[in-house]
Amino acid sequence: MAPQQANTISEAISEDHHALDLYADNIRSATSIEDKTKWRNQLTWALARHAISEELTMYPAMEKHLGEEGLQLTNKDREQHQAVKEDLYQLQSLSPSSDTFSPLLDRLMTDLHDHIQHESQEDMPRLEGLLSPEESQALARSFERTKLITPTQSHPSAPNRPYFENFAAMLAAPIDRFQDLLRTWPESEEVAEKHKSLL
């Protein structure tokens, strides 16, 4: 179950970031391999969709509204995303019983927090400063809708720029969604209960 839709693009992005931290914390605190696996799957599903949705909605908006500065910022964002995608690609199929699982999760979250800090201090203030409230809300809706059609697993070798990424996502998403049927997940009620703690 996804968190309640936010009003602005900054709020939508921030809400996802909090949920990703929550999922990682649940992996760490789970007491069984089965539960750790379920929360790993939840983290993978949420982070893969979040990253691609940013690249397809927010980054083009930054480049449009911020011009050359936006292009420089999104180039840095894409580099940071690439590190996160590579970590996630390894984590998504690694058993939590592996000795390398916890250090890899820690590295993933460190890379992710570096990116989150850049977005919250650089990207979002600049972009929100140029958008009207209505434009920000429309971008947030686009961001949320895009998550419905993106791949649910990390594909670090896929293109990360619009049009090429759109095409790659359309090819990967159905396969990922079929494979999702074979994965174990936290119960919907459990995810919803965890999300309540974010409010």
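Ser154 is found in the loop between H4 and helix H5 (164-180), where helices (H or I, at least four residues) and strands (E, at least two) are DSSP runs numbered from the N terminus. The model is predicted, and local features need pLDDT of at least 70, side-chain atom pairs count only at pLDDT 80 or more, and totals for chains, interfaces and linings use all residues. Residues are numbered from 1 along each chain as its sequence is written, and side-chain values use heavy atoms, with hydrogens and water left out.

Ser154 counts as buried because its relative accessibility is 3%; buried means under 20% relative accessible area, exposed over 50% and partly exposed in between (1.4 Å probe, protein chains only). When neighbours within four places in sequence are left aside, Ser154 is in contact (heavy atoms within 4.5 Å) with Ala48, Lys85, Leu88, Tyr89 and Gln92. Of these residues, Gln92 is 62 residues from Ser154 in sequence, with a C-alpha to C-alpha separation of 7.7 Å in space.

His81 lies in helix H2 (residues 33-91) and, at 3% relative accessibility, counts as buried. The side chains of His81 and Glu54 are joined by a polar contact of 2.8 Å. A polar contact is a pair of N or O atoms within 3.5 Å; within protein, one must be able to donate a hydrogen and the other to accept it, and residues adjacent in sequence count only if both atoms are side-chain atoms. Not counting residues up to four places away in sequence, His81 touches Glu54 together with Ala51, Glu55, Tyr59 and His115.

Across the protein chain there are 6 helices and 0 strands, in the sequence pattern α-α-α-α-α-α. Of its 199 residues, 49% count as buried. Among contacts in the protein chain with a separation of 6 or more, 76% are accounted for by residues 24 or more positions apart.

Helix H1 (residues 9-29) packs with helix H3 (residues 101-130) at an angle of about 165 degrees, with their axes 11 Å apart. Axes are lines fitted to C-alpha atoms, for helices over the stretch in contact, and angles run from 0 to 180 degrees between N-to-C directions. H1 is therefore roughly antiparallel to H3; angles under 35 degrees count as roughly parallel, over 145 as roughly antiparallel, 65 to 115 as roughly perpendicular and the rest as oblique. The contact residues divide into 11 nonpolar, 3 polar and 5 charged, where Ala, Val, Leu, Ile, Met, Phe, Trp, Tyr, Cys and Pro count as nonpolar, Asp, Glu, Lys and Arg as charged, and the others, Gly among them, as polar.

The axes of H1 and helix H4 (residues 133-147) come within 7 Å and cross at roughly 35 degrees. On the H1 side, the contact is made by Ile9, Ala12, Ile13 and Asp16, and on the H4 side by Ser136, Leu139, Ala140, Phe143, Glu144 and Lys147. These residues divide into 6 nonpolar, 1 polar and 3 charged.

For H1 and helix H6 (residues 188-196), the axes come within 10 Å and cross at roughly 120 degrees, and the two helices are therefore oblique to each other. H1 passes H6 in a right-handed crossing. Ala19, Leu22, Tyr23 and Asn26 of H1 make the contact with Val191, Lys194 and His195 of H6, and the residues divide into 4 nonpolar, 2 polar and 1 charged.

Technical notes:
Left-handed = near helix turned anticlockwise from the far one by under 90°.
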